[in-house]
Each structure stands twice: as structure tokens, then as C-alpha cells.
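Subject: A structure to look through

Dear colleague,

I am passing on a structure that I would like you to open and read alongside the notes in this message. Please keep the sequence beside you as you go.

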Amino acid sequence: SSGINASTGTTVSLDLILKKNNIDKDCPTLEFELMKRKRIWLDRSGLVTIDNLELLGSVTHLYLDNNSINVIENLESLSSTLQHLSLQSNKIEEVGEGLICLDKLISLNIRDNHIESLIVEQLPEKLSILDLRENPVLKSDSFSEEDFLDELDYLTVFNGETLIDEDDKQESRMEETNEHSLQDETKKLREDSQRRQDLIAEGHDQNVRVIEHLKKEMESYRTDVRASIQRSSSPNVGPLPPRQPSCEPLHSLRSPPPSVLPLKPSSPSAACRPLSSKRKGSQILEPIKPRSPQATRPTLPTIQTEVDISLRPTLEQALVDTSELDSYLSEVKGRFRDLRTGCAELEK
């Protein structure tokens, strides 16, 4: 190629590009390999000028660090693709107008050069990262950092420091405050959820104790009723002694349902007659007759736990009602189990 001095290595050459980027010069698709490369390294190559970049394809990152370049020029062939340009540690004295053509450039590193003057108009307007450190221009009285910050609207990193304006700082503080508030609210919700779960567990345990107590009472009552029925059907049997409570009364427990309350004893003057059953299909039992005309039924004394033979159907009905207590206990336990599971899922 004309204008390429490969022997001295002071300008960009095809051999230099292939060598620095590990591309085989005997590759049958050499042109295709060059065109598909997005990053090109030409650092530490002894370059004095920038030229022959038309040999490259759609390059987005170009690294020319640690050379002897003194002028920024001949970048027009990369104007529509180049986004990152690094010229650190060269001998550039002025930027000139060599960067104006780079419309897509967003990152420029010209650190450690000999730049003594620089104005905003010499830089691409979409720059977001700019590094000017270790240049004499930063100590010049004519240099104004505020002008750069005001004119370059997209600038976010200047000389290695991230720029945050007052609005961004206030927004950051608000986000931090909102985050702390959210954490406090989350902690409060967890504590409230734990308290509700503890109350539910305590209520569940109390209800279980109530049901267990009622179950014991009903079992005792069922036993007494069965014994009363058997004594009613057997002759020459003395009166049943009064029933003692199966356990100490719990004042804090709820009363058993009305369907399982003990029956009131019949008054001595009450007429003995069969009671109708509320359950469909149940048969009303007739009073048991003596075994023989000679056998006379002894008169049972009227006490609180004695049961008249005519009340037998009602007593049997009471036994049927108390048998449902087990299923009631199972249903209550199931409901509380579902409730605790729901609370656990809510806490998550």
C-alpha cells in the first residue's frame, strides 16, 4: 500500500495490524478477518503518526497507547463506528480538530501527554468519559473545568471521577431513605405477623384443651348413660351411685354444646310415656314388660342419676350426639392447621 513504511514501524501498516492482533497473514479470508474485528490494538508499536486506518473495518475500540504520536489526525474512516479511543502516553501537544469527525465517540483517554491548551469545541459533544490527567493544560489559568462540565452534557466520568450533580445526589439520598423505610416496614410486618401467629397458636392450643376436656366429660357421661340403660333393663339391681366428675372443672373453658348437656331427672309425679324421636326412621321403644306375671319389677328410687325406662330412646339419642364429638375435634384441628399454614405463607 502507498504511504506505508513497514520497515521503520513509524506508521500503521498491514503487517503491524496483523502482528499486533494475532491475525495470520496467510489466512485465505484475511480481508474478512480484518473487517469483522471490533477492537484493534496498536499500542507500543513506535508509531509517530496515525494513518492508513482505512485498512480496518467497523472498529469500535482503538488502542494507540505508549507510542510517539504528536498529532491526532486521519480518523475520518472510523467516524461512523469508533466509540472508544485511547491515546495515553504519547507526545500530543494539541488536540486540534482531529476528533470532531468522530460522531459516535463516547470515551476518550489522552492522559499523560503534552497538551497545553484545550477547548470544549475540539471534543465530540457526546463524550461521556474523558481523561486529561497528567497534562499541562490542567494547570493552565485558561482552563476551566466548569466549562467542560457545563458544555459536555453527556459527561459522567471526568479524570477518573464519577460526576454526580445536586439533583442526582438528592435522588440518591431519597432512594437510600426509601430503602431504609422499606426495610423498617418489612421488619414491622414480620413482627406483626409473628405476633398474630403466636396468638393463633395460643388460641389453637386453648381450643384443643377445651375439646379434650369436653371429650373426657362426654366419655364419662356416655358411660353413665349406658350404665343407666343397663340397670333399667335388669331386675333386682340397686340404684346407681351418683357420678363423680372425671376431672377438675375448667372455669376458663367454654360450656359443652346444648346437645350433650345431662338430662334433667323426671319428677316423681311425671307420667311415664314414650318420647318421640327427632331422627327420621328411628323406632320408639316400648316399655319392657316383666318376664312373668309372678315377677314384679322392684321400684327404683328417684335419684339424680336414675333413669326412667321411658327415657331410653332419648338417652340413646344423646349417645348418638356425643359420638359426633370426635369428628368435631378433628374438624377444629384441621381448621387451625390450615390457618397456621396460611399465616406462614403470608409471612413469606
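What follows is a short account of what was found in it, going from the whole chain to single residues.

First, a word on how to read the values. This is a predicted model, in which local features need pLDDT of at least 70 and side-chain atom pairs count only at pLDDT 80 or more, while totals for chains, interfaces and linings use all residues. Residues are numbered from 1 along each chain as its sequence is written, and side-chain values use heavy atoms, with hydrogens and water left out.

The protein has 6 helices and 7 strands, where helices (H or I, at least four residues) and strands (E, at least two) are DSSP runs numbered from the N terminus. Along the sequence they follow the pattern α-α-β-β-β-β-β-α-β-β-α-α-α. Of the 348 residues, 32% are buried; buried means under 20% relative accessible area, exposed means over 50%, and partly exposed lies in between, with a 1.4 Å probe and protein chains only. Among contacts (heavy atoms within 4.5 Å) with a separation of 6 or more, 47% are between residues 24 or more positions apart.

The strands form an open sheet of 7 strands in the order S1-S2-S3-S4-S5-S6-S7, with mixed pairing; two strands pair if DSSP finds at least two bridges between them. Strand S1 (39-41) and strand S7 (161-162) stand at the edges with a single partner strand each, so one side of each has no neighbour in the sheet. The pairing of S1 with strand S2 (residues 61-63) is parallel and runs over 3 bridges, and within it Trp41 stands opposite Tyr63 in S2.

Rings of Phe, Tyr and Trp (its six-membered ring) pair if their centres lie within 6.5 Å, and planes under 30 degrees apart count as stacked, over 60 as edge-to-face and the rest as tilted. The rings of Trp41 and Tyr63 have centres 5.2 Å apart and planes at 10°, so this pair is stacked, and it links residues that are 22 residues apart in the chain. Trp41 itself is partly exposed, at 37% relative accessibility.

What does the largest nonpolar core contain? It has 43 residues, and Leu85 and Leu130 have the most contacts inside it; a nonpolar core is a set of buried Ala, Val, Leu, Ile, Met, Phe, Trp, Tyr and Cys residues joined through side-chain atoms within 4.5 Å. Helix H1 (14-20) and helix H2 (30-36) are the elements that give two or more residues to this core, and H1 gives the most, with 3 residues. Leaving aside residues up to four places away in sequence, Leu85 touches several residues, including Leu62, Leu99 and Asn109.

Most residues other than glycine have a negative phi. Arg44, in the loop between S1 and S2, has a positive phi near 55° and is exposed, at 62% relative accessibility. Asp112, in the loop between strand S4 (107-109) and strand S5 (129-131), has a positive phi near 60° and is partly exposed, with a relative accessible area of 31%.

With best wishes
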